[in-house]
Amino acid sequence: MQIYLPIAEVAVNALVLIGLGGIVGLMSGLFGVGGGFLITPLLFFIGIPPAIAVATGANQVVASSFSGVLAHVKRKTVDFRMGWVLLAGGLVGSSAGVLLFNMLSRLGQVDLVVQLCYVVFLGLIGAMMLQESLRALHRARRSGPIKPMRRHQHGWVHKWPWKMKFRASGLYISSIPVLLVGAAVGVLGAIMGVGGGFIMVPAMIYLLGMPTKVVIGTSLFQITFLSAYTTLMHAVSSNTVDVMLAVLLIVGGVTGAQIGTHLGARLRAEQLRILLALLVLGVCGKLALDLFLRPDELYSITPGILR
Amino acid sequence: MIRHALFAVLAPVLLALPANAQPAIPEQPPEQIVAGLSRDDVDITTSFDGSEIIIYGAIKRETRIPAGEPLDVIVTLEGPAQALTVRHKERRLGIWVNTGRVSIGSAPSFYVVATTRPLHLILPAAEDQRHRISIPLAMRAFAGPMEVEDAVPYTEALIRLRRAADVYRQDDGAVRLAEETLFRADVRLPANLVEGVYSTRIFLLRQGRIIDTFRAPIEVRKVGLERWLYRLALEQPFIYGIMSLAIAVAAGWGASAAFRLVKRP
């Protein structure tokens, strides 16, 4: 079933798009990630122009993360105060990221920077997750006593001024590192066309010391608003959001996410994390190879004249 | 009476015509194109999956078919022009990076040349230059300062990439000509069409000379939902953006509500 996308100006198979959304939704349901890092490269692969893939990907992230936030609000696992502060940083970061993106695309190096960002971040996160989950699996197998982890470690980030009380997280910390984390995720999100959950979650746990139970909900809360803002910016500044494409991806995505959540409940958490780590490392490896191996085609065409 | 008077006035003019007309009025070619298109507009609907246009016609002539070199027909179909930039990658510090670039002010988004016989056999370079028929000549101006010494590899790459994407085509022998009188070319339009006015040209050639040309426009436009969304995105981008977000939020909420319903029993 071919369908013509009004903004992308290409005809693609609607079932392929729904399937693609479904696979990514399955991932997000299984692993609790937004899936932006998968959808954007996959859209490139089926021939959607990169600028449209990035902007429409952000629109799809709004749907999947909003669906997730609702579930977390019900379970009261969202730290709204933390979310708003993260979002304030995120909006600044996202605006700066879009400016940086435009500057890089004038220089013709945007593809390179995006690819390098993907390789570095996916590589780091994937390796960390793999190591951590292998250790957890090992520990579970030995079934020895689990060492209680000491929370409330007072690191250097806790000595900064502008302290705020985050009741849901049980934290009383400076708002500066929170704003910085939000801003960093905003910049990366705008450049890489992803929600940034896979960067935010570890940063919240390891840098801010937030309890794991509120991390996912709070990150989804911030991502919903941030990607809504990014979508709107892309729509207004470059007209690159294709709503037809977004609807097809969303239909597949929300269905996949529900199936993924069901499946996820049946599988073991450590095994799931190892699978996700391998997937992240796989995507990273593929992108790294593209950078280092001689491409088949050395020339590329971009629309418009850049002066 | 009146008729007689009229004749008296016109007679010298009419009689003088065959002798005088030749240099005065541009010479009527001995063989002329009478052509038609199977359609003069293409509507892009939601289910648009490419289209086919039949460009057909006949050769009108007062005399008998001249002997000697056979007649040839070239048909071109050209999409709206676009400005674009071609980039080249080189290895720097172990990774592949864009280095050089060439800006092209105007290149057709779609271009097909269909002929009766191989193009290089029937079309001399001078006529090609004049009418810009072959694919390399269909690209017009270079724009902006040249940053590279040699732009040729860039334009060659552009043609190679566009040919690979099937938007530039040279179909030698795709025009069927019967009895040196009736011709027909079937041009396939791809699914990734750009909106705008496409132009069809037909050239009639004999002995390496273009003896007649014919032009007709084809309008390609989005209709219905496609058109509405496209216009909204361009003219009211803020409202369009809000609409896209509303759809996303509604879908997200709908999914979680549906999930709750399924889970409850």
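Before I start, one point on the annotations: UniProt positions are given here in the numbering of this model, feature names are shortened, and annotations may be inferred rather than shown by experiment. The model itself is predicted.

The UniProt record, an unreviewed entry, gives the feature "transmembrane region" for residues 12-39, 83-104, 110-130, 171-199, 205-229, 241-260 and 272-293 of chain A. Take two of those spans. Residues 110-130 of chain A are 100% helix and 0% strand, with end C-alpha atoms 29 Å apart. Residues 272-293 of chain A are 95% helix and 0% strand, and there the end C-alpha atoms are 31 Å apart.

Next, helix H8 of chain A, residues 212-238. At 1.5 Å a residue, its 27 residues should span 39 Å, and the end C-alpha atoms are 38 Å apart, which agrees. Of those 27 residues, 20 are buried, so H8(A) is largely enclosed by the rest of the structure. After H8(A) comes Asn239(A), which has a positive phi, near 50°.

Now the contact between the chains. Chain B puts in 52 residues and chain A 48 residues. On the chain B side, strand E5 (81-92), strand E6 (95-108), helix H5 (152-164), helix H6 (224-235) and helix H7 (237-263) each supply at least two residues. H7(B) gives the most, with 16 residues. By class, that side of chain B has 31 nonpolar, 15 polar and 6 charged residues.

Strands also pair across the two chains. Strand E5 of chain A, residues 299-303, and E5(B) are antiparallel, joined over 5 bridges. Within this pairing, Ile301(A) is opposite Val86(B).

Notes: Residues are numbered from 1 along each chain as its sequence is written. Chains are lettered from A and ligands numbered from 1 in the order in which they are written. This is a predicted model: local features need pLDDT of at least 70, side-chain atom pairs count only at pLDDT 80 or more; totals for chains, interfaces and linings use all residues. Two residues are in contact if their C-beta atoms, placed from the backbone, lie within 7 Å. Helices (H or I, at least four residues) and strands (E, at least two) are DSSP runs, numbered from the N terminus. Ala, Val, Leu, Ile, Met, Phe, Trp, Tyr, Cys and Pro count as nonpolar, Asp, Glu, Lys and Arg as charged, and the others, Gly among them, as polar. Two strands pair if DSSP finds at least two bridges between them. The expected span of a helix is 1.5 Å times one less than its number of residues. A residue is buried if 20 or more other C-beta atoms lie within 10 Å of its own, exposed if 12 or fewer, and partly exposed in between; C-beta atoms are placed from the backbone.
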